[in-house]
Amino acid sequence: DAFISFDDQDVGSISAVYHDQDGSYQGDVALTDFPLAPINVFLEEAGFGLRGLASGNLSLAGDSQRPRLSGTIDLNDAHFYSPVYGVDFLMDERPLTFADSRLHFKDYLLKSGNTDLRVNGDIDFADLEDIRLDFRLRASDFELINARRNNNSLVYGKVLADFDGSAQGTLSNMIVRGNLD
């Protein structure tokens, strides 16, 4: 067993078993008000970040070739943002559900200002070397960008847009198609 602390607060626990004979494992993770900011170390290079809190329970079983992830995560005041690209999306507070290494989105909302981007689809984590995305995205009069100019900005100003499109493929080879008005 292991415990996760952040700023002297217990924010999670891990209980796991590894079977040396066949390389399989089974474990459980429990998160309580886990800060999302430490995840930013994996997102910084792309110019994005997360803030807010996560709570929930996840189970991971299988082996390195076929991990199986299941459980739910509840987000509290969670934001997906980029100071570089001038975006700040408040993430829906409905639980994120992982089943059989898939994260499924059904009418999941990303909010910007007073407008919503509706997300439907899946992220498939079954093969960690080939994570697959399949999304349908829709928004009307969506506040895509609302940022002042600063030294780190690649984009600034205010952009409202209607969008109807899709994003499919892998993290390294994603195809985004749609109409942007």
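Biologist: What makes Leu171, Met174 and Val176 a nonpolar patch on the surface?

Modeller: In this predicted model, Leu171, Met174 and Val176 together have about 300 Å² of accessible area. A nonpolar patch takes Val, Leu, Ile, Met, Phe, Trp or Tyr with over 30% relative accessible area and no salt bridge, their side chains joined within 5 Å. Leu171, Met174 and Val176 form such a patch.

Biologist: Why is Leu171 called exposed?

Modeller: Its relative accessible area is 59%. Exposed means over 50%, so Leu171 with its 59% is called exposed.

Biologist: Where does Leu171 lie?

Modeller: Leu171 sits in the loop that runs between strand S11 (157-170) and strand S12 (174-180).

Biologist: How many helices and strands does the protein chain have?

Modeller: The protein chain has 12 strands and 0 helices. Its pattern along the sequence reads β-β-β-β-β-β-β-β-β-β-β-β.

Biologist: What percentage of the residues of the protein chain count as buried?

Modeller: Of its 181 residues, 34% count as buried. The cut-off for that word is under 20% relative accessible area.

Biologist: What is the accessible surface of the protein chain, and what share belongs to carbon and sulfur atoms?

Modeller: The accessible surface is about 11600 Å², and carbon and sulfur atoms hold 51% of that. The C-alpha trace spans about 55 × 35 × 30 Å along its principal axes.

Biologist: How many positive and negative side chains are there?

Modeller: There are 15 positive and 30 negative side chains in the protein chain, and the centres of these two sets are 10 Å apart.

Notes:
Residues are numbered from 1 along each chain as its sequence is written. This is a predicted model: local features need pLDDT of at least 70, side-chain atom pairs count only at pLDDT 80 or more; totals for chains, interfaces and linings use all residues. Side-chain values use heavy atoms; hydrogens and water are left out. Patches are made of residues with over 30% relative accessible area and no salt bridge: like charges are joined within 9 Å, nonpolar side chains (Val, Leu, Ile, Met, Phe, Trp, Tyr) within 5 Å. Accessible areas come from the Shrake-Rupley method with a 1.4 Å probe; for residues, only the protein chains shown count as cover. A salt bridge is a side-chain nitrogen of Lys or Arg within 4 Å of a carboxyl oxygen of Asp or Glu. Helices (H or I, at least four residues) and strands (E, at least two) are DSSP runs, numbered from the N terminus. Buried means under 20% relative accessible area, exposed over 50%, partly exposed in between (1.4 Å probe, protein chains only). Lys and Arg count as positive and Asp and Glu as negative; His and the chain ends are not counted. The place of a charge is taken as NZ of Lys, CZ of Arg, CG of Asp or CD of Glu.
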